There are 2 protein chains.
Amino acid sequence: MEQEKIEIIEVGPRDGFQNVSQFIPTNIKLAIIDRLVKSGLNNIQITSFVHPKAIPQMKDAKEVTQFCLEKYPNINLFALVPNLFGAKAAVEYGLTEITYVISVSETHNRKNVKRTHDESFEELSEILRLFPTVKVNLDVATTFGCPYEGMYSIKTVMEFLERAYKTGVRSFNLCDTVGLADPILVKKVIKNVLTRFSDCEIQVHIHDTRNMGMVNSLAAIECGINKVQTAIGGLGGCPFAPGASGNTSTEDFAYMLNKMGYETGVDSDLIINTAKFLRENVDGNYSGHQIFINKNKVSTQ
Amino acid sequence: MEQEKIEIIEVGPRDGFQNVSQFIPTNIKLAIIDRLVKSGLNNIQITSFVHPKAIPQMKDAKEVTQFCLEKYPNINLFALVPNLFGAKAAVEYGLTEITYVISVSETHNRKNVKRTHDESFEELSEILRLFPTVKVNLDVATTFGCPYEGMYSIKTVMEFLERAYKTGVRSFNLCDTVGLADPILVKKVIKNVLTRFSDCEIQVHIHDTRNMGMVNSLAAIECGINKVQTAIGGLGGCPFAPGASGNTSTEDFAYMLNKMGYETGVDSDLIINTAKFLRENVDGNYSGHQIFINKNKVSTQ
């Protein structure tokens, strides 16, 4: 049987790092990205073009981008852009793929990017118009529920995606922003999305807030998704709530998929060592598990 | 549609507590068990009748047992017994259900209980003979792989279970002792076991070592298991490898199943509060996630 290919998209250098309170020196960031590449990851969200006052951790977005574009010509590199200003900067510095973000929940969207839905969709439209050759992904934040508005109907999600589709988006990243999904909800949403938007690229991005990062990401794969975003170390979330809000851990997820017989292209040992290197160098909130395993200690019970 | 019932069997007071290095005062243990009962758990492994030199944490096994038997006449209470001596003590103090343990891997069995397979099966046989009215479960340690012997064939597992069946066991608990299972392996093993041992009770007990506690426990349910062991807080594993080797977390697993529409009888809010009470009182290695959520902090990205 031919192995099913799953592409793991690494978002640690953006979603992981942005949750680290202390500035990570640029050379450390680059050393981590280098190990990610060497572990077999071919698609990496390397930074965010956001105002340094909003997220000081991303103040070296330009240096990181320039260095990586030159060093890794064969790796797919992209960045998050919260607004038109960020989009312009990202493209100016050479990126040909960017991710814009709008939340299904308008309340969350106002808190996250200080925009109404109308304002966000207008800006998205402008970005698509200005950069017709750039691949623009849409992070569909709070796809599976919102901390402010609660859970919503599939209809609400589908109408939101329909609007984005009409604006011109053909690459959607369904985000479980605060970890409110469960495997049944994931499958329900994704089946609808894959049926309606069969001409689009669909990814998922699951947070591990309620310990369902692995199970929900696998549920997505089981109903046909073959691109999953994860973060090295499961880094992410609020530094004041350890263990709470990280992303699905790249090394644990890759290990599981490899063991199950999927083809990820990621080397299980190298990616675990990369996660350990990260943890040795960056003080953060890690929700990955294998990062903590000490091979010299073996439990017997 | 009628809800599918899943029984969550709480093993925290044994498998969780035994991994806590500092002695937990008996009144704290009892306060935690009381909260577990009030959260809706009806089946609890309350202690282990093991020599106090081997596991000092369990030196109050008798007090815990006597107190619980008197206070919770309608709750199913049971204990682990590593040997005949422990079995005799457990029965003497009134328990009508005990769990004996043998590893599929003989190497692991020698390290864990200092016995060959022959010696363990002989002792098991003696326990079954001595206590014909006591329910004797068998913890099938290292069902899904061994840290010393590696992975083995389904045939090896089935032959082991066959031997235990012939000895008289009718209740098996398939344990992923060091977290080596993956969802495909879980389903493969369980399908074989349910087909061959259709007259037996089959439970699973999954460790979260490699972040697959939730996904493997759910995989077991998806192929027909309706009794799953978990530990409050995901407590467990080696205290020198934080986050590494806990059990599947009761509160996270119950929350997921409740959200998916299964009927667990466990109240999601009460069980999370019980986990938080545990963490406030016991310094240990918690692999649960919701235990760390601070409701006043809401991530927006």
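Predicted model: local features only at pLDDT ≥ 70, side-chain atom pairs only at ≥ 80, totals over all residues.
Local features rest on pLDDT of at least 70 and side-chain atom pairs on pLDDT 80 or more, while totals for chains, interfaces and linings use all residues. Residues are numbered from 1 along each chain as its sequence is written, and chains are lettered from A, with ligands numbered from 1, in the order in which they are written.

**Helix packing**

Helices (H or I, at least four residues) and strands (E, at least two) are DSSP runs, numbered from the N terminus. Axes are lines fitted to C-alpha atoms, for helices over the stretch in contact, and angles run from 0 to 180 degrees between N-to-C directions.

| Helix pair | Angle | Axis distance |
|---|---|---|
| α2(A) and α3(A) | about 35° | 10 Å |
| α9(A) and α9(B) | roughly 55° | within 7 Å |
| α8(B) and α9(B) | about 30° | 9 Å |

In chain A, helix α2 covers residues 26–38 and helix α3 covers residues 61–71. On the α2(A) side, the contact is made by Thr26(A), Lys29(A), Leu30(A) and Ile33(A), and on the α3(A) side by Glu63(A), Val64(A), Phe67(A) and Cys68(A). Two residues are in contact if their C-beta atoms, placed from the backbone, lie within 7 Å. By class, this contact has five nonpolar, one polar and two charged residues. Here Ala, Val, Leu, Ile, Met, Phe, Trp, Tyr, Cys and Pro count as nonpolar, Asp, Glu, Lys and Arg as charged, and the others, Gly among them, as polar.

Between the chains, the axes of α9(A) and α9(B) cross at roughly 55°, which makes α9(A) oblique to α9(B). Angles under 35 degrees count as roughly parallel, over 145 as roughly antiparallel, 65 to 115 as roughly perpendicular and the rest as oblique. The crossing of α9(A) and α9(B) is right-handed. Met214(A), Val215(A) and Leu218(A) meet Met214(B), Val215(B) and Leu218(B). The contact of α9(A) with α9(B) has six nonpolar residues, no polar ones and no charged ones.

Within chain B, α8 (residues 183–196) packs against α9(B) at about 30°, and the two helices are therefore roughly parallel to each other. Their crossing is right-handed. Pro183(B), Val186(B), Lys187(B) and Ile190(B) of α8(B) meet Val215(B), Asn216(B), Ala219(B) and Ala220(B) of α9(B). Six nonpolar residues, one polar and one charged make up this contact.

**Buried residues and the core**

A residue is buried if 20 or more other C-beta atoms lie within 10 Å of its own, exposed if 12 or fewer, and partly exposed in between, with C-beta atoms placed from the backbone. Pro183(A), in helix α8 of chain A, counts as buried because it has 23 C-beta neighbours inside 10 Å. Leaving out residues up to four places away in sequence, Pro183(A) touches Val215(A), Asn216(A) and Ala219(A), as well as Leu218(B) and Met260(B).

Ile225(A) is found in the loop between α9 (213–222) and β8 (227–230) of chain A. This residue is buried, with 21 C-beta neighbours inside 10 Å. With residues up to four places away in sequence not counted, Ile225(A) touches Ile190(A), Ile202(A), Val204(A) and Ala220(A).

Helix α10 of chain B (residues 250–260) is mostly covered, eight of its eleven residues being buried. Among them are Phe253(B), Tyr255(B) and Leu257(B). The cover over the buried residues includes β1, α1, α9, β8 and α11 of chain B.

The largest nonpolar core has 168 residues, and those touching the most other members are Ala79(A), Ile98(A), Tyr100(A), Val140(A), Ala79(B), Ile98(B) and Tyr100(B). Such a core is a set of buried Ala, Val, Leu, Ile, Met, Phe, Trp, Tyr and Cys residues joined through C-beta atoms within 7 Å.

**Positive phi values**

Thr142(A) has a positive phi of about 55° although it is not a glycine. Thr142(A) lies in the loop between β5 (135–141) and α7 (154–167) of chain A and is buried, with 28 other C-beta atoms within 10 Å. Thr142(B) has a positive phi near 55° and counts as buried with 27 C-beta neighbours inside 10 Å. Just after α10(B), Gly261(B) takes a positive phi of about 100°.

Conventions:
Left-handed = near helix turned anticlockwise from the far one by under 90°.
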